[in-house]
Amino acid sequence: MTITMAAALNTALRDAMRDDDTVIVYGEDVGRLGGVFRITDGLQAEWGSERCFDTPVAESGIVGTAIGMALYGLRPVVEMQFDGFSYPALDQVISHVAKYRNRTRGAVGLPIVIRIPYGGGIGAVEHHSESPEAYYAHTAGLTVVSPGSPGDAYALLRAAIEYVDPVIFLEPKRRYWQKEDVELPADGLPIGRALVRRVGTTATLIAYGPMVTTAMEAAEAATADGWDLEVVDVRTLSPLDTDTLAASVTKTGRAVVVHEAPRFAGYGAEIAATLSERVFGHLAAPVLRVTGFDIPYPPAKIERHYLPTADRILDAVAHTLEY
Amino acid sequence: MAAVWQEVAPEGGLQDPVDHELALDDARLRSLYRLMALGRRVDRQAVNLTRQGALGVFASSHGQEAAQVGAVFALEENDWLFPSYRDTVGVFARGVDIVETLALFQGSWHCGFDPMRYRVAPLTTPLATQALHATGLAMAARLRHDPIVALTFIGDGAASEGDTHEAMNMASVYQAPVVFMIQNNQYAISVPVQLQMHTSSIALRAVGYGMPGVLVDGNDVLSVYGAAREAVERARHGGGPTLIEAVTYRMEGHTTADDQTRYRSAEEVDHWRERDPLARFLTVLREAGVADDDFLAGIETEGEAIAARMRDALYGAPAGDPCEMFDHVYATATPQLQAQRVTLERELAAAEATE
């Protein structure tokens, strides 16, 4: 059946709550309203206000209380309403969510999922289009995932909720309404594995979250130039599946990493460095990055000039081929 | 036994102090004093071990024994305690092995005990963050309809943090069974409480959160216990959270690395020394005929034995296996961590070979 990513995520939450009564969902406006993006639509009606409830506007409070809930044996799935509003919770995320297992010498793991709609492209006002993935990926103890399609959104969210350690679940909000023909429950690769979405030979495009679709568009357009591009969906930003990336680039010899976040010290730098460490001898050209510019996220009316496009990706591919 | 505290009026302001009669038998009274006295002994030993280099740093509870022990004494076995880094004596009173607790200050690990075993969260250094953990656990207990209460210690310094506000507000919204025990020890490191807030009492904030507020003499253990016990039992029976401010004094510097002469006078410290919580309680017990010389001698012997065990365990203790730093980051080490572990193992093997 044809389903949007928003509906797939909603179904994943519903199925997880059905299968495990320790799963509870809370955050700002997730109850009666069903979330500002409707990802939690109907959960409170179906499971009651003890399993799905609204909170005061207090992001540190949401994440901090989730730690206590997890200590008690529940599996909280909490929502940060927008990427730009996830920052008040960073102290709890970095100081405790990420470190609790380590602080307690392995005695206490925290099965918490923190869902964050992220990224631009929806014409939003400032602070609603951020790409904070590098902050999380840089933090030891966190597992960071971001789905690239509706089916994988379902599979990854189910896996995240069942995971033994805390997961930062980054939802590409501009793709919430993108559709895919997929049957739910959808199976997916486990957390920690990247997915080759398109097999090719000319060069490897490496993307995650909202840029998976853009990379696929670029690959389809490239066939007109006679290029056969491989597209790897990273899926799990931490821990990174370097084996799948290395295998792809060993085959193609060229790689372009794509993300919306600014370039400097961004996640693409980690991928480029990892590839140069692992498969330097197979590279026919430097690993290039197609990213946002090193600026605060721009105003909505000019954001399309900031966001990576298929054309920009193909320009980068051309550079690797001309090298 | 008499206890006294002031409640915050629902419309604001402190009500007159009210005397309460505590139903504590002699054995419980002696137990309370014993924990305070042993707590002071292990605290002093920890300070000394720091001076001798066995601990890297230590945040003393000296002067705050009544506030910590009195509050912990109000908890039942299945309740939870969420301490800060200055609550070693409270954690000791909860039954956690003192050597395990001191792992944090020793530098052998961040938390040396199993929180699930003792129902005590790790000593927490980012201020007030633990107040939200306590609130979350209490919310979970309420969702599960379990008669379990969480008590968290917060300092006057931490009371300025945003997490204190978020915790109190959320606890109140969800009527979570949590007790916020604020130990107002008069200082955030060097900054006196008068410069931290423009109010005469932290307890008054309770009005704004719609929860009961209590102001208590934090150096009077019976009053602390009485106020805490009432709050704990109210929480357990669906009455929601309580904010208690226990007014006390930090007799030592902020930590063993602090120089308190830079910001307060010896006269001020002496003023509080005369209000020492142990001496005050002992006077009460002696007048009631509950404590005699044999009882005190027994505590001293027990304290010396614990102190000797601390010295044996901590003095010259070897560092652990460096490779353990990779073991608890995730339930299963990632491929990246496995590779980094191999790197360190090679370094260690090479170093051993050249020795």
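In chain B, helix α14 (residues 293-314) has 22 residues, so at 1.5 Å a residue it should span 32 Å, and the 31 Å between its end C-alpha atoms agrees with that. The expected span here is 1.5 Å times one less than the number of residues. Helices (H or I, at least four residues) and strands (E, at least two) are DSSP runs, numbered from the N terminus. After α14(B) comes B:Gly316, with a positive phi near 70 degrees.

A word on the model itself: it is predicted, with local features needing pLDDT of at least 70 and side-chain atom pairs counting only at pLDDT 80 or more, while totals for chains, interfaces and linings use all residues. Residues are numbered from 1 along each chain as its sequence is written, and chains are lettered from A and ligands numbered from 1 in the order in which they are written.

Next, strand β4 (residues 150-155) of chain B. Six of its six residues are buried, so the strand is largely enclosed by the rest of the structure. Buried means that 20 or more other C-beta atoms, placed from the backbone, lie within 10 Å of the residue's own. In a regular strand, side chains alternate between the two faces of the sheet. Both faces of β4(B) are covered, with B:Ala150, B:Thr152 and B:Ile154 on one side and B:Leu151, B:Phe153 and B:Gly155 on the other.

β4(B) also has partners, where pairing takes at least two DSSP bridges between two strands. Strand β3 (residues 80-82) of chain B runs parallel to β4(B), joined by three bridges, and B:Leu81 sits opposite B:Leu151. Strand β5 (residues 178-184) of chain B pairs with β4(B) over six bridges, again in the parallel sense, and here B:Ile154 faces B:Ile182. With helix α8 (residues 162-173) of chain B, β4(B) and β5(B) make a right-handed β-α-β unit; right-handed means that, with the strands pointing away from the viewer, the path from the first strand over the helix to the second runs clockwise.

Finally, the chains meet. The contact (C-beta atoms, placed from the backbone, within 7 Å) takes 34 residues from chain B and 33 residues from chain A. On the chain B side, α6 (115-118), α7 (129-143), α8 and α15 (335-354) each supply at least two residues, and α7(B) gives the most, with 11 residues.

Notes. Buried ≥ 20, exposed ≤ 12 C-beta atoms within 10 Å, placed from the backbone. Contact = placed C-beta atoms within 7 Å.
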